[in-house]
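Student: I am new to this kind of picture and would like to learn how to read it. Could we go through it slowly together?

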Amino acid sequence: LPVELQARVAEFLPGKAELLALRCSAGSCKQVVTRAVKHHDVYKRFYARNSLQNAALVAIGRVFGAGCRYLNTVSGFPAVTTALESFVLSTGGLLNQLSIEPPRDNHITPDTLLILCRACPLLKNLYVPRVPNIQPTHFVAVSQACPLLEYVVLPTGGLSPAETYARQFPRLRELKFVREWDSQIHEMPICFDVIAVAAETCVHVTRVVIPRAAVTPDFVARLLETPLRDRVTSLCHEIR
């Protein structure tokens, strides 16, 4: 049978054990499995925890990475970051969602974040809440690498996304005015010049998330002066 037809049949195998068995059965089957995993559900959503060895993460990516569309992982130390890069590259640019939840005592670097983003041009959801020393130029670089992003969580230096990076992502579906949980800055958004740019740029926003402290007549009046008044269909409170 042609490789394409064998791969189509392999898509109906029940799980990873059967796919691995097929891959090991003959040299020609390696290509069959490589094609099949792109449409198989076995690793479409992959949760890599910090107990996973680096070599294992790289190996899983090599075999099943092409089928992964959602990756959630913990970045523990530099070696894991290298393995994470290898896994993301193995997806062939087809990743839609990337979530990296590093422990508080270790973080992903801005340069690594950009490497990962440049390997995921189809990314729509990005959740990386801790990236020490991230700068506005990095927000721009991320938006250029992943122009389809609709949901983004990045560090804001104590401010809210609406006051920092939101304006760089025109396809965002929601605009958040909530400050970071450990922020020492007053809850009320104050950078209205930046907020105005975000409201103008993010033309797909239909949902606004605000802290209760921000619901003042002045704040509402300022929002009504922006294009958000004609787009927003949902207004949500986030209690801190």
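Student: Is D230 exposed or buried?

Tutor: This is a predicted model, in which local features need pLDDT of at least 70, side-chain atom pairs count only at pLDDT 80 or more, and totals for chains, interfaces and linings use all residues. Residues are numbered from 1 along each chain as its sequence is written, and side-chain values use heavy atoms, with hydrogens and water left out. Buried means under 20% relative accessible area, exposed over 50%, and partly exposed in between (1.4 Å probe, protein chains only). D230 has 63% relative accessibility and therefore counts as exposed.

Student: With which residue does D230 form a salt bridge?

Tutor: A salt bridge is a side-chain nitrogen of Lys or Arg within 4 Å of a carboxyl oxygen of Asp or Glu. D230 pairs in this way with R229, their closest N and O atoms being 3.9 Å apart, and R229 is partly exposed at 47%.

Student: How many salt bridges does the structure hold, and which residue meets R207 in one?

Tutor: The structure holds 4 salt bridges, and in one of them the side chain of R207 meets that of E174 at 2.4 Å, N to O. Helices (H or I, at least four residues) and strands (E, at least two) are DSSP runs, numbered from the N terminus. R207 lies in strand β7 (residues 207-211) and E174 in strand β6 (residues 174-176), so the pair ties together parts that are 33 residues apart in sequence. E174 is buried, with a relative accessible area of 16%, whereas R207 is partly exposed at 31%.
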